[in-house]
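Please work through each task before reading its solution.

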Number of protein chains: 4
Amino acid sequence: MNHLKLAGRKNGLRTVIRVGQLRIGQDLTVIAGPCSVESEEQTLTIARAVKRAGAGMLRGGAFKPRTSPYSFQGLGLKGLKILAKARAETGLPVITEVLDTRDVGWVSEYADILQVGARNMQNFSLLKEIGKVGKPVMLKRGMFATYAEWLNCPEYVLDAGNPDVILCERGIRTFEPWTRNTLDLSAVPAMKELSHLPVFVDPTHGTGRVELIRPMAMAAVAAGADGLMVEVHHKPENAMSDGPQALLPEQFNVLMGEINRLQDALDASTDSQGMQVGKGTPVYGSEDGKVREYAW
Amino acid sequence: MNHLKLAGRKNGLRTVIRVGQLRIGQDLTVIAGPCSVESEEQTLTIARAVKRAGAGMLRGGAFKPRTSPYSFQGLGLKGLKILAKARAETGLPVITEVLDTRDVGWVSEYADILQVGARNMQNFSLLKEIGKVGKPVMLKRGMFATYAEWLNCPEYVLDAGNPDVILCERGIRTFEPWTRNTLDLSAVPAMKELSHLPVFVDPTHGTGRVELIRPMAMAAVAAGADGLMVEVHHKPENAMSDGPQALLPEQFNVLMGEINRLQDALDASTDSQGMQVGKGTPVYGSEDGKVREYAW
Amino acid sequence: MNHLKLAGRKNGLRTVIRVGQLRIGQDLTVIAGPCSVESEEQTLTIARAVKRAGAGMLRGGAFKPRTSPYSFQGLGLKGLKILAKARAETGLPVITEVLDTRDVGWVSEYADILQVGARNMQNFSLLKEIGKVGKPVMLKRGMFATYAEWLNCPEYVLDAGNPDVILCERGIRTFEPWTRNTLDLSAVPAMKELSHLPVFVDPTHGTGRVELIRPMAMAAVAAGADGLMVEVHHKPENAMSDGPQALLPEQFNVLMGEINRLQDALDASTDSQGMQVGKGTPVYGSEDGKVREYAW
Amino acid sequence: MNHLKLAGRKNGLRTVIRVGQLRIGQDLTVIAGPCSVESEEQTLTIARAVKRAGAGMLRGGAFKPRTSPYSFQGLGLKGLKILAKARAETGLPVITEVLDTRDVGWVSEYADILQVGARNMQNFSLLKEIGKVGKPVMLKRGMFATYAEWLNCPEYVLDAGNPDVILCERGIRTFEPWTRNTLDLSAVPAMKELSHLPVFVDPTHGTGRVELIRPMAMAAVAAGADGLMVEVHHKPENAMSDGPQALLPEQFNVLMGEINRLQDALDASTDSQGMQVGKGTPVYGSEDGKVREYAW
């Protein structure tokens with residue numbers, strides 16, 4: 001992938017993006033929240049719960065790309081204002097999706113991170129427009145995209161002047177109908193190998209089944225993901241979109257505990273190896289010089 | 001697919017769209033031209049050649065969605081003006097792709113048909129915007145889209161007020177590397193069964209190999225396609241995009257002859273069957289009452 | 001595909017296989033019959049009907065590879081004896097599937113052509129065993145196989161000493177659930193380009209929907225297929241396997257008429273072109289020197 | 001998947017298979033060794049190394065299913081004798097692949113576990129034959145198989161009388177060319193949910209890239225896999241098959257250390273939760289009553 005002038009890994013340095021207190025690409029970051037912003041009460045309830053459980057950022061969709069024009073399309077501006085209110089109360093930065101070139105400018109006034117969804121991964125007009133604003137963007141992998149196709153998309157954003165792109169694996173389409181998508185965790189070490197950008201994993205869309213979220217979230221962390229994006233809803237049966245795949249706040253709370261214990265164990269294991277990593281080791285430096293662990 | 005309020009087949013009638021002298025959905029229509037509008041000389045040369053060979057419409061891209069930001073992105077407005085000139089000289093209506101919601105209005109002043117490419121099939125903002133203009137749209141199938149996902153997209157256009165949608169099968173992605181895509185000709189009878197909209201086939205992108213265009217174009221016509229879209233270039237080796245899959249004007253001329261003989265044979269065969277089609281036959285009426293041939 | 005020592009096309013000559021009166025690879029050959037041999041009465045009824053309609057060969061499974069061990073597994077030897085009886089009465093050669101290396105020898109005493117099913121395409125032990133017997137084999141494409149993987153399989157048979165291999169495209173698995181498989185008609189001209197072996201198409205398994213069989217059979221012939229394999233059953237609702245996709249004898253009869261008219265039209269078109277085919281034309285010679293038509 | 005009479009999960013109990021000292025399905029088990037048995041020296045060298053690093057079982061192929069008949073096909077009986085010698089010296093049980101129904105009986109005299117490869121997953125004759133012998137079988141997932149198709153295959157073995165089936169995820173084919181296959185780790189919790197059989201993961205074939213084996217092995221363990229199968233070769237550049245994806249013995253040794261630390265951390269985390277797992281929790285009991293950890 002030598003054609004990647006800006007997104008490709010060129011030396012040992014990795015991108016670390018600061019959003020408030022977060023150091024994305026350096027510390028494990030968990031983003032949680034509802035699929036759609038449905039009401040102030042719903043969003044604030046969930047925002048408080050995920051904050052309490054230890055999430056670092058709040059997610060919520062105000063513009064929803066739906067297969068059918070007759071499905072709920074999101075609250076739009078009203079939804080963005082609710083997100084702003086949740087941020088003001090909880091202190092959590094917010095991430096929300098943008099769909100239309102005409103909305104990029106004003107949506108970026110509300111969002112701390114803009115999200116480009118899987119269906120828009122190759123909406124090149126949208127990527128160019130996002131390249132002009134001063135907010136980071138999370139670029140989800142298209143459900144059919146190869147690594148090379150995916151990595152060409154941050155190239156559009158970076159080339160237009162915005163250096164802060166986060167990649168997010170969210171599952172690809174395969175022949176398996178039991179899961180909604182097939183979460184490709186190989187994408188995590190692959191993106192670390194091919195690019196300097198942070199890589200997140202979304203086990204919610206990546207599996208579409210509540211019972212798979214915990215094991216796949218654990219696996220994502222063990223594979224080296226920089227963060228997770230998880231959907232949480234206190235009343236999944238009433239959710240206006242994707243309710244069946246949302247965790248309850250108490251499930252999310254248990255998950256956060258397990259993830260933190262796992263990350264601690266991985267960090268301890270890394271420290272014990274210290275500098276003994278051998279020849280050919282891709283040693284990833286970061287802002288503060290901490291050495292990352294991929295050890296061949 | 002009962003959820004399709006507007007795009008679904010509800011009775012025997014089929015949509016026929018008049019563009020100039022063309023009756024799209026009724027008479028076999030062949031659209032031909034270069035992948036990209038590159039210059040006035042290039043476009044006019046090709047336009048004259050395809051007109052001479054019997055094409056009914058000219059294609060040419062002024063905005064190109066490219067995987068890499070460093071590839072040729074199209075001539076934009078200048079390209080649209082060249083297309084207008086080619087139409088003025090040859091009398092051929094023109095079809096061209098639109099990528100951005102902000103461009104829909106003014107591009108539709110130049111184009112006779114707007115094209116939505118495979119990568120934008122589920123760009124719902126774009127579809128809604130196109131639903132507001134008074135020009136027909138050709139909606140290409142996404143390279144990964146199921147029939148149900150595809151048919152939800154015209155629903156956005158139709159619901160927004162534009163009744164003139166043409167579907168175009170252009171190949172799906174499979175594991176086969178020898179062809180660029182796998183042309184799914186089953187989509188032709190499937191769309192006839194599920195929808196009342198005209199269905200075209202693009203054997204150029206659908207195979208990506210010059211030597212497959214002729215047999216697959218013939219097969220598409222035999223499967224009942226309402227039209228074909230074929231890329232033609234007089235100097236493929238110099239083309240700014242997709243040259244290797246373009247037919248030479250003389251190859252296109254031979255193809256037109258074969259297609260016309262095939263269509264004549266199919267029409268004769270249909271006539272000889274007349275009204276003897278049996279129980280369960282989906283008899284498709286059209287504007288002028290001519291009976292179509294699917295005979296079970 | 002230069003590694004194909006035996007299956008690859010090396011010069012203009014094509015394999016023609018004589019089975020009784022049939023010249024497979026030269027004349028369009030239609031194979032028809034039930035999915036499974038269920039009883040003498042069932043098989044003879046269908047054999048007579050397809051003979052009457054003009055089929056050249058009878059198909060019928062005595063060993064059935066089924067996803068579940070609790071599904072009907074075929075009549076075995078009893079089924080082979082029924083096929084032999086049908087052949088004796090109608091004069092139609094028979095083709096039947098073999099699943100196990102231990103069965104190849106004795107099954108080939110009953111069958112005129114052995115069939116290797118899609119699931120066994122890469123059962124290399126089976127292919128080697130078939131390479132030792134003196135009967136032609138029809139090798140179905142695996143539902144996930146690339147052209148290169150497929151063409152390596154006849155290599156096993158040819159290398160073991162059996163020169164008579166027929167390829168059969170029967171649909172690949174894609175993301176489309178409306179059809180059972182996606183019939184890849186590009187495989188027809190591709191196999192003509194890459195190999196000298198005859199290529200058949202099975203629109204029954206390739207679509208899994210009765211209403212698609214006719215248009216896709218027509219398309220296969222227009223694409224240049226050497227033959228078709230079609231399932232026919234006089235009581236589909238009672239069939240022990242795959243009933244819903246079987247044509248009724250009267251539907252098959254209509255189809256044969258249309259196919260024959262189409263082939264006549266294509267032959268006439270070829271003759272009218274005569275020797276005017278241009279530079280780079282892959283002119284396929286055959287046993288009797290007749291020139292085939294691929295015209296670039 | 002209610003149709004699974006024997007392979008489906010019916011109550012909380014899970015299958016545990018004892019092979020020598022191993023309790024497969026209960027303790028994390030790592031199988032390692034070369035792709036192919038090439039020589040006594042090669043196999044013994046690798047066997048000693050993986051034993052030293054802590055592997056529980058030795059792998060090595062004596063019959064190789066190869067795409068081309070001109071590739072190395074394995075040493076056959078000679079290879080099995082070498083495996084027996086390696087077992088005698090190291091005490092490691094051995095697993096090896098069987099391809100042909102005629103070989104099942106005598107190969108099972110040499111192997112401790114029989115392996116059915118991805119290409120033979122639906123070789124139903126082979127599965128039935130294996131159902132008759134008294135050795136466990138590891139059934140690899142076909143590279144295109146759905147969970148339902150996969151789980152129907154142990155059904156053939158179990159129904160024929162052999163209760164000891166191990167499942168092994170080894171990657172599925174997707175559109176990603178950078179990896180050899182896409183390792184579907186969701187299969188681990190999915191098989192735990194749908195079946196009582198042990199589930200292994202093969203990160204070697206599942207990625208095809210040395211640098212991905214460690215992160216994906218770690219992820220597999222975190223996802224709850226019962227074991228791993230990893231290819232190791234001391235001279236990968238000279239290997240007769242799949243050398244480029246084999247770990248060096250010293251890399252394997254590092255991996256074993258990291259895996260063991262990870263498993264310890266996961267076990268500690270489980271114990272600390274004890275019996276507090278909530279409503280709807282699939283608590284998996286095993287032979288000795290130890291509670292497994294899936295905690296929703």
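**Exercise 1.** Determine how much area chain B and chain C bury between them.

*Solution.* Chain B and chain C bury about 3800 Å² between them, with 70% of it on carbon and sulfur atoms. Buried area is the accessible area (1.4 Å probe) that two parts lose on being put together, summed over both. The contact (heavy atoms within 4.5 Å) takes 48 residues from chain B and 48 residues from chain C.

The model is predicted: local features need pLDDT of at least 70, side-chain atom pairs count only at pLDDT 80 or more, and totals for chains, interfaces and linings use all residues. Residues are numbered from 1 along each chain as its sequence is written, chains are lettered from A in the order in which they are written, and side-chain values use heavy atoms, without hydrogens and water.

**Exercise 2.** Identify a salt bridge across the interface of chain B and chain C.

*Solution.* The criterion is a side-chain nitrogen of Lys or Arg within 4 Å of a carboxyl oxygen of Asp or Glu. By this rule there are 2 salt bridges across the interface. One of them joins C:Arg141 to B:Glu176 (3.9 Å, N to O).

**Exercise 3.** Is helix H6 (187-194) of chain A largely enclosed or open?

*Solution.* Buried means under 20% relative accessible area (1.4 Å probe, protein chains only). Helices (H or I, at least four residues) and strands (E, at least two) are DSSP runs, numbered from the N terminus. The buried residues of H6(A) include A:Val188, A:Met191 and A:Leu194. Because 7 of its 8 residues are buried, H6(A) is largely enclosed by the rest of the structure. The cover includes strand S8 (165-169) of chain A and helix H8 (210-222) of chain D.

Terms used. Buried < 20%, exposed > 50% of the residue type's maximum accessible area, 1.4 Å probe, protein only.
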